[in-house]
Amino acid sequence: RSDSRQTQRKSSAPLAVALLCSSFSSQVAHVTPRESLLSELGQGREVAGGPVELYIHEDVLWQDASRVHVHPSSVSAREKIFGSPFVLFQEMVRTSKLYIRGVTP
């Protein structure tokens, strides 16, 4: 019986992610591996778990993007691997850089 519950949880996970992202659409950052950026330019190859860059999109069409950094006080500040190409954040702060805090891993 626990196998059927696990299967049910796994099958509903994408729905939960979709609902969270749509509910917090103004608080979603896009995770882009740096190696992907380099490979697009033909200068490197993608390596899982490498450094990432985070971007927020300030318009509905996702055409205008700003780079953000995870705030050093955030639990996810040292994360290298994210389970999704998107993360949710609670708060955005501008000091010397544009930071996001309360980031989902």
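**Figure 1. Which pattern does the protein follow, read along the sequence?** The pattern is α-β-α-β-β-β-β-β. The model shown is predicted. Its secondary structure comes to 2 helices and 6 strands. The protein has 105 residues, and 23% of them count as buried.

**Figure 2. Confidence along the predicted model.** The average pLDDT of the protein is 75. A score of at least 70 is reached by 67% of the residues. Which elements mark the two ends of the scale, lowest and highest? Helix H2, residues 34-40, has the lowest mean pLDDT among the elements, at 58. Strand E6 has the highest, at 93. Keep both values in mind when viewing these two elements.

**Figure 3. The salt bridge between Arg101 and Glu91.** How many salt bridges does the structure hold? The count is 1. Arg101 and Glu91 are the partners, and their closest N and O atoms are 3.3 Å apart. Arg101 lies in strand E6, residues 98-101, while Glu91 lies in strand E5, residues 91-94, so the pair ties together parts that are 10 residues apart in sequence.

**Figure 4. The largest pocket and its lining.** This pocket has a volume of about 340 Å³. Its lining is made of 18 residues. Which of them are closest to the centre of the pocket? They are Val52, His69, Val70, Ala77 and Glu79. Strand E2 (52-57) supplies at least two lining residues, and so does strand E3. The largest share of the lining, 4 residues, comes from E3. What classes of residue make up the lining? There are 9 nonpolar, 2 polar and 7 charged residues.

Figure 5. Thr32 sits in strand E1, which covers residues 28-33. Is Thr32 buried or exposed? Its relative accessibility is 10%, so Thr32 counts as buried. The cut-off for buried is under 20%. The side chain of Thr32 makes a polar contact with the side chain of His30. The distance for this contact is 3.3 Å.

**Figure 6. Ser84, in a loop.** Where is Ser84 found? This residue belongs to the loop between strand E3 (65-70) and strand E4 (86-88). Ser84 counts as partly exposed because its relative accessibility is 25%. Now compare sequence and space for Ser84 and Val31. Along the chain, these two residues are 53 residues apart.

**Figure 7. Phe86, in strand E4.** Strand E4 is the place of Phe86. With a relative accessibility of 32%, Phe86 counts as partly exposed. How far apart are Phe86 and Thr104 in space, C-alpha to C-alpha? The distance is 9.1 Å. In sequence, Phe86 and Thr104 are 18 residues apart.

Methods
Residues are numbered from 1 along each chain as its sequence is written. This is a predicted model: local features need pLDDT of at least 70, side-chain atom pairs count only at pLDDT 80 or more; totals for chains, interfaces and linings use all residues. Side-chain values use heavy atoms; hydrogens and water are left out. Buried means under 20% relative accessible area, exposed over 50%, partly exposed in between (1.4 Å probe, protein chains only). On a 1 Å grid over the protein atoms alone, a cavity is a set of points where a 1.4 Å probe fits but cannot get out, and a pocket is an open set with protein on both sides within 12 Å along at least five of seven lines; lining residues have an atom within 4 Å of a point. Grid points are joined across faces, edges and corners, and a volume is the space filled by probe spheres set on the points. Ala, Val, Leu, Ile, Met, Phe, Trp, Tyr, Cys and Pro count as nonpolar, Asp, Glu, Lys and Arg as charged, and the others, Gly among them, as polar. A salt bridge is a side-chain nitrogen of Lys or Arg within 4 Å of a carboxyl oxygen of Asp or Glu. pLDDT is the predictor's confidence in each residue, from 0 to 100. A polar contact is a pair of N or O atoms within 3.5 Å; within protein, one must be able to donate a hydrogen and the other to accept it, and residues adjacent in sequence count only if both atoms are side-chain atoms.
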